[in-house]
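Student: Please show me the model, and then we can go through some of its parts by question and answer.

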Amino acid sequence: MARILPDTSRTFAEYLLLPGLTGKDHTPRNTSLAVPVAAYNRGEQSRFQLNIPLVSASMQSVSGSDLAIALARQGGLAFVYCSQSIESQATMIAKAKSHKAGFVRSDSNVKPTATLRELLAVQRRTGHSTAAITDDGTNTGKFLGIITEKDFWEFEDNLDTLVSGYMTPVERVIHGRVGITLTEANRQLHKHKKECLPILEADGSLNSLVFKKDYVDHINNPRELLDADKRLAVGAGINTHDYMERVPALVEAGADVLAFDSSDGYSEFQKDAALWIRKRYGNNVVVGGGNVVSADGFRYLAEEAQVDFVKVGIGGGSICITREQKGIGRGQASALMDVSRERDAFFQKTGKYIPICSDGGLANDTQIIIALAMGADFVMMGRYFAMTSESPTPKVSIKGRIYKPYWGEGSNRARNWQRYSDEGTVDRLKFEEGVDGYVPVVGSVPEVLSVTLAKLRATMCNMGSLNLREFSEKAVLTLVSEQSIIEGGTSNIVQPDYNVTDDK
């Protein structure tokens, strides 16, 4: 007969933290939110870390290029969704990588014989107002000049005239040569009061561009997550069907971290795919596995699949109906605590630390904090980021309030048949594991994160902790009753309705 676990399947809402001693040095300013993503051995450091413990889910309605850029600038990581063509996903990755400060490959390039109308089309497609003029119209051609939106008036000048009549020719363009440091490039921008510094090869061909706005962005976003070349870091979702073609394209595009997007990662399919990636790329690529909800699942991915991190959670997402459709899953708190214990035991036994990511079941900031206290190294969220201005779906007005569409990868709307079929050839889902709905727009990524991270830092101080590892080790949790939940809210008061004015 079936084996029945003795414990109850519990959620984050059933727990509270007991405060510890807050020392004089336990202030939000002194806390660190850096966490490991890649596996590491005792005494070593993880080869890839986040500056904040939040990542976005690999979902069509969540993780596009704009959100990847916005989240990386805040120190987190977005996993660009894989339920699209390989070419489309690679393009999203490349767009996020090319956004970053430093030596940027120009994506707005035209020949001097192009018309202003053609130039405008390029600028609108890329969203960039500065274009490099090269002899062949590519980003590596011989540099002939530069043009910006300030050099002509769209509604006054004849758009059928040539760019050559409006551009600043190379002889009058302040530029640098390959080999110049980023610090010196920024110094040249400051000295000459310029917005853009083209970097040229010895033969005069264009190598890259350095922008003043990137320097300003860096100063305003000190936590931004960068790779070794000072580009923004970005993650990518992958599957077990076309990984041999998809992974090389994503790595070539610049993906820093790969993660399998699966509702159940405890499988030989995922092990085979992970080992293929490890054999081809070694430790040059960070690979995450999952999802699992048990110690057995974690141990299989850690030992057999050799993944860098493991995602925990089945059926806890706000638009996920896997539990009611298939009868599999586990309360997210119970799953996370079970896997956390196994992760720690695995570390003690082998000396290898495998970070874990809590994916799903997070309804509010408090539950994010509880998940980190229970042992998650970082958390993955969909709805949280779908509600931001930078998520890829369009805004819609419903009864006077602004919303965004939000749907699960297992819904019919996602058309993600490959993920749920035996051969990846079916043209429809036999049943859905996700729903389709709307979420309210709550603000930009920086605005939303600022509140969440402020709460997290304050709680860490209440626990007498200055980093998230210490926070988890010191955490003392208590189960709460229904009455204690009610007690924790407002009671026995009348709250004012600020939409009602007093008649005097």
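**Burial, helix packing and a sheet**

Tutor: Leu-77 is buried, with a relative accessible area of 1%; buried means under 20%, exposed over 50% and partly exposed in between, with a 1.4 Å probe and protein chains only. This is a predicted model, in which local features need pLDDT of at least 70 and side-chain atom pairs count only at pLDDT 80 or more, while totals for chains, interfaces and linings use all residues. Residues are numbered from 1 along each chain as its sequence is written, and side-chain values use heavy atoms, with hydrogens and water left out.

Student: How far apart in space are Leu-77 and Leu-50, C-alpha to C-alpha?

Tutor: Leu-77 lies in strand S6 (residues 77–80); strands are DSSP runs of E of at least two residues, helices are runs of H or I of at least four, and both are numbered from the N terminus. Leu-50 is among the residues that Leu-77 touches, not counting those up to four places away in sequence, where contact means heavy atoms within 4.5 Å. The two are 27 residues apart in sequence, and their C-alpha distance is 7.4 Å.

Student: At what angle do helix H8 and helix H10 pack?

Tutor: Axes are lines fitted to C-alpha atoms, for helices over the stretch in contact, and angles run from 0 to 180 degrees between N-to-C directions. The axes of H8 (residues 295–303) and H10 (residues 332–350) are 8 Å apart, and the angle is about 40°.

Student: Which residues of H10 make the contact with H8?

Tutor: From H8, the contact involves Ala-295, Phe-298, Arg-299, Ala-302 and Glu-303. On the side of H10, the residues are Asp-338, Val-339, Glu-342, Arg-343 and Phe-346.

Student: Is Asp-338 buried or exposed?

Tutor: Asp-338 lies in helix H10. Leaving aside neighbours within four places in sequence, Asp-338 is in contact with Val-293, Ser-294, Ala-295 and Arg-330. Its relative accessibility is 17%, so Asp-338 counts as buried.

Student: Which residue in S12 is the bridge partner of Arg-177?

Tutor: S11 and S12 (residues 196–200) pair in the parallel sense over 2 bridges. The partner of Arg-177 in S12 is Leu-200.

Note on methods: Pairing = 2+ DSSP bridges.
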